[in-house]
Amino acid sequence: MTAVIDRPVTTGRLRTAWAAAHAPVAGVPRWARTAALAIPFVVLPASIWRLPAAFADGSGLGERAYIVFLSIASEAAAFAAVGLIARWGEVVPQWVPFLRGRPIPTKAAAIPAALGALVLTVLWTACWIAEFAGVTLRGEPTPANFPTQAGGWEAATYYLCYLPLLLWGPLLAAVTFAYVRRRRNG
């Protein structure tokens, strides 16, 4: 006969804490929740697409570090949009020393988010207009080694990974609008 070993029941504390920290607060419209949660996924393909370049032959340590940092920073900035629907966008989390539990002024979150939405919309729109015109943002011809110049799968993968970035600014603007409206009415 085999003995039954008592195994600890997995409570999923991390999962529970994560869900509690990122659950939308009361009054968040479903569309705003969907948009806020979509933003990191809109940025993710471009972040992943860049990573192989960090480990390509001929890349120096500084260039590799920059590419990895850019991907991580892009995702972190994109994930910050979740704060516009979650409690940590209204009240400083308990783990933050000196500020824990204090309310976050609406303008302190809304102004940077609105400026970010504007900059991202202008930046990615300008990038794609330049791309389709065959020039860089500086107006110089697109380099011969640029992914879209190769054609085929390389160009298709580039477009598939970078075209979603056109949505980042407008989605952030919509979530910011919902945040301001909810905080003003609440």
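# Reading a Predicted Model: Burial, Contacts, Pocket and Backbone

User: Beyond the residues within four places in sequence, Ser47 has contacts with Ser71, Ser74 and Glu75. Where is the place of Ser47, and does Ser47 count as buried or exposed?

Analyst: The model is predicted, and every value below is computed from it. Burial is read from relative accessibility, with buried meaning under 20% and exposed over 50%. Ser47 belongs to helix α2, which covers residues 30-54. Its relative accessibility is 4%, so Ser47 counts as buried.

User: Sequence separation and spatial separation can be set side by side. How far apart in space are Val82 and Val175, and what is the separation of Ala109 and Ala130?

Analyst: Val82 and Val175 are 93 residues apart in sequence, and their C-alpha atoms are 8.9 Å apart in space. For Ala109 and Ala130, the separation along the chain is 21 residues and the C-alpha atoms are 31 Å apart. Ala109 itself is part of helix α4. With a relative accessible area of 18%, Ala109 falls under the 20% limit and is therefore buried.

User: How many salt bridges does a search of the whole structure find, and which parts does the pair tie together?

Analyst: The search of the whole structure finds 1 salt bridge. Its partners are Glu90 and Arg182, whose closest N and O atoms are 2.1 Å apart. Glu90 lies in the loop between α3 (61-79) and α4 (106-133), whereas Arg182 lies in helix α7 (residues 168-185), so the pair ties together parts that are 92 residues apart in sequence. Both Glu90 and Arg182 are buried.

User: Which residues form a nonpolar patch on the surface?

Analyst: The patch is made up of Ile111, Leu115, Leu118 and Val122, and together these residues have about 390 Å² of accessible area. One of them, Leu115, is located in helix α4.

User: Which element gives the most to the lining of the largest pocket?

Analyst: That element is α4, with 5 residues. At least two lining residues come from each of α2, α4 and α6 (152-162).

User: Finally, the backbone. What is the phi of Phe98, and is Phe98 buried or exposed?

Analyst: As a general rule, most residues other than glycine have a negative phi. Phe98 is not a glycine, yet its phi is positive, at about 70°. Phe98 is found in the loop between α3 and α4. Its relative accessibility is 78%, and Phe98 therefore counts as exposed. The buried residue Val82 belongs to the loop between α3 and α4 as well.

Conventions
Residues numbered from 1 in each chain as written. Predicted model: local features only at pLDDT ≥ 70, side-chain atom pairs only at ≥ 80, totals over all residues. Heavy atoms only, no water. Salt bridge = Lys/Arg side-chain N within 4 Å of Asp/Glu carboxyl O. Helix = DSSP H or I, 4+ residues; strand = E, 2+ residues; numbered from the N terminus. Buried < 20%, exposed > 50% of the residue type's maximum accessible area, 1.4 Å probe, protein only. Patch = residues over 30% accessible without salt bridge, like charges linked within 9 Å, V, L, I, M, F, W, Y side chains within 5 Å. Areas by Shrake-Rupley, 256 points an atom, 1.4 Å probe, with all protein chains shown as cover. Contact = heavy atoms within 4.5 Å.
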